[in-house]
Amino acid sequence: MSEKPLTPWVVCENSGKVLSAHCDCMAGLGESCSHVASLLWAIEAGCKRRDSLTVTDKKAYWVLPTSVKTVPYARVKDINFSKTPCSTSTVKPSSVTPPSETELTNFLNCIKDCPSKPALLSLIPAHSDFYVPKSVNPELPVVLSSLFDNSLADADYPTLLKKSEEAFELLQVTKKQQELVEEKTREQASSRLWFRMRTGRITA
């Protein structure tokens, strides 16, 4: 492990033809050794990997049928899902009666009780408060990372020192905030808030 790593090298054409190879090991003086062979194998494996990407290795794409030139944006209710490529039939209006305000409210209240948080509710004003990150709770102390000021990136040391003193004077943590942080971060490493509250702070 303490020996200097070997430095094999090869010179190849674009076609893959090897013009020359060398290694500074003892066998490499004959221009042929296992280190050169390993290097060539690694190059071959890399080229095969590059030229044989699977579908999941590539970015998502969707090939349009030859009969379709463009796909205009439309609301789901206005999209024609018939199998005929060039169908000009109109979509029949839905016979389903829209839910009443009471029915919609009851539905949202039902999915609110799901074991996992439905993302839909984060867009509903009556339920969106439950999706606010705990770290932005006004009852919690200021997260030190929020004090970052990009305009001070090139500031000199005296300026930074003055700004830090001003920020330190404004930082106040009440007894209630201390108790709230302790309560919300008891899971420690399993709590995202625990990591947020630790940012920039010296802890035991």
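## Salt bridges, cysteines and a few buried spots

Arg186 counts as exposed, at 58% relative accessibility. Keep in mind that everything here comes from a predicted model.

What does Arg186 pair up with? Its side chain meets that of Glu182 in a salt bridge, 3.1 Å from N to O. Glu182 counts as partly exposed, with 43% relative accessibility. How many salt bridges does a search of the whole structure find? The count is two, and the other bridge joins Glu44 to Lys48, with the closest N and O atoms 3.4 Å apart. Glu44 and Lys48 sit four residues apart in helix H1 (residues 34–51), so about one helical turn separates them. Of these two, Glu44 is partly exposed at 42% relative accessibility, while Lys48 is exposed, with a relative accessible area of 52%.

| Residue | Relative accessibility | Class |
|---|---|---|
| Glu44 | 42% | partly exposed |
| Lys48 | 52% | exposed |
| Glu182 | 43% | partly exposed |
| Arg186 | 58% | exposed |

**Cysteines**

Now for the sulfurs. A disulfide is a covalent bond between the sulfur atoms of two cysteines. How many disulfides turn up in the whole structure? The search comes back with zero. Cys47 is in no disulfide either, with the nearest cysteine sulfur, that of Cys12, 9.0 Å away.

**The aromatic pair**

How many aromatic pairs are there? The count comes to one. That pair is Trp194 with Phe195, in an edge-to-face arrangement: the centres are 5.0 Å apart and the planes make an angle of 75°. The angle is over the 60 degrees needed, so the pair counts as edge-to-face. Is Trp194 buried or exposed? Trp194 is buried, with a relative accessible area of 19%. Since buried means under 20%, that value puts Trp194 in the buried class. Phe195 counts as partly exposed, at 46% relative accessibility.

Where does Thr185 lie? You'll find Thr185 in the loop between helix H4 (175–184) and helix H5 (192–198). At 10% relative accessibility, Thr185 counts as buried.

Is His127 buried or exposed? With a relative accessible area of 6%, His127 is buried. Which residues does His127 touch, not counting those up to four places away in sequence? They are Leu108, Asn109, Lys112 and Leu121. Take Leu108 from that list: Leu108 and His127 are 19 residues apart along the chain, and their C-alpha atoms are separated by 8.7 Å.

Key: Residues numbered from 1 in each chain as written. Predicted model: local features only at pLDDT ≥ 70, side-chain atom pairs only at ≥ 80, totals over all residues. Heavy atoms only, no water. Disulfide = S-S within 2.5 Å. Phe/Tyr/Trp six-rings, centres within 6.5 Å; stacked < 30°, edge-to-face > 60°. Buried < 20%, exposed > 50% of the residue type's maximum accessible area, 1.4 Å probe, protein only. Contact = heavy atoms within 4.5 Å. Helix = DSSP H or I, 4+ residues; strand = E, 2+ residues; numbered from the N terminus. Salt bridge = Lys/Arg side-chain N within 4 Å of Asp/Glu carboxyl O.
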